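The following paragraphs walk through a structure, beginning with a single residue and widening to the whole chain. Please keep the sequence and the model in view while reading.

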Amino acid sequence: MSELEPIAFHHEGDDLRGEIVAPPGGERRPAVLVMHTALGLSDHMRQQACLLTQRGYVAVATDMYGGGRYLRDPQNEAADTYMRLTGNPLMQRRRTVAWYEKVRQLPNVDPTRIAAIGYCYGGRCVLELARSGADLKAVVSYHGLLDTHEPARPGSIKGIVAVYTGALDPYAPQKDVEALRQEMSEAQARLQLTVFSHAAHGFTDPHASKAGLPGIEYDAIAEKVSWAGTLALLQSELGT
């Protein structure tokens, strides 16, 4: 299997350092951005990128924080870094677009076939990327944050928006789910919304409970169903 390699650039004061993995050969292929949780670029994101490459995609595990950091303290270090971006939503959206543009310009990427998936904070990032009007075929949010500073305008969202969320997720309450549904309807977007009735936040992460925070828990069924749905959507929209 191909190895992960650095992919880096400078954006608004930060040196971003993601990782890219691609199938062998130099032909242009569809690409998938993999956007990380509030803790930063983790082995879980690298694993998902590698799984996507086995399916024929160029996969890029992005870095929203700078330095390719993984933050091990969710209540202190991670909170401070996370709040720096969420407190500046305009820059946060610009950064998602910067990653999209970086990937779109790669010589082995077909710029007409790009998708993005994101987990937790990364779920917010891929939704913001879709709201920006980027020419994406699909975005997938897993237990993502659904609220926004600027709802999508009618016709601005190009591809399918798939959202997998848990009814027990305190970070995506029912009011946010309904607001997203209304936003996507008014934006004339194609939304596929799945609410797992017994799932909490972090349901894709087998180690979620180690954070010791309420409302965060792994759910094997939700993980498997959301990943199977993702692969089916990518195959449909990216053609691989």
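G123 counts as buried, because its relative accessibility is 0% and buried means under 20% relative accessible area, with exposed over 50% and partly exposed in between (1.4 Å probe, protein chains only). The residue G123 is found in helix 4. Helices here are DSSP runs of H or I with at least four residues, strands are runs of E with at least two, and both are numbered from the N terminus. Leaving aside residues up to four places away in sequence, G123 touches G118, S141, G144 and L145, where contact means heavy atoms within 4.5 Å. T112 is 11 residues from G123 along the chain, and the C-alpha atoms of the two are separated by 22 Å.

The model is a predicted one, in which local features need pLDDT of at least 70 and side-chain atom pairs count only at pLDDT 80 or more, while totals for chains, interfaces and linings use all residues. Residues are numbered from 1 along each chain as its sequence is written, and side-chain values use heavy atoms, with hydrogens and water left out.

The phi of C120 is near 60°, a positive value in a residue other than glycine. C120 is buried, with a relative accessible area of 12%. Q188 also has a phi near 60°, and this too is a positive value in a residue other than glycine. Its loop lies between helix 5 (174–186) and strand 8 (191–196). Q188 counts as exposed, since its relative accessibility is 61%.

Two other helices can be checked for length. The expected span of a helix is 1.5 Å times one less than its number of residues. Helix 1 (residues 43–54) has 12 residues and should therefore span 16 Å; its end C-alpha atoms are 17 Å apart, which agrees. Helix 3 (residues 89–104) has 16 residues and should therefore span 22 Å, in agreement with the 23 Å between its end C-alpha atoms.

In helix 1, the buried residues are H44, M45, Q48, A49, C50, L52 and T53. These buried residues pack against strand 2 (14–21), strand 3 (29–35), strand 4 (58–61), strand 5 and helix 6 (220–238). Just after helix 1, G56 takes a positive phi of about 105°. Helix 3 has buried residues as well: M91, Q92, R93, R95, T96, A98, W99, Y100 and V103.

Now for the whole protein. It has six helices and eight strands, and along the sequence they follow the pattern β-β-β-α-β-α-α-β-α-β-β-α-β-α. Among contacts with a separation of 6 or more, 68% are between residues 24 or more positions apart.

The radius of gyration is taken over C-alpha atoms, and the globule rule is 2.2 Å times the number of residues to the power 0.38. A compact globule of 240 residues would therefore have a radius near 18 Å, and the protein has 16 Å, which agrees. The C-alpha trace spans about 45 × 40 × 35 Å along its principal axes.

Of the 240 residues, 54% are buried. The protein exposes about 10400 Å², and carbon and sulfur atoms supply 51% of this area, computed by the Shrake-Rupley method with a 1.4 Å probe.
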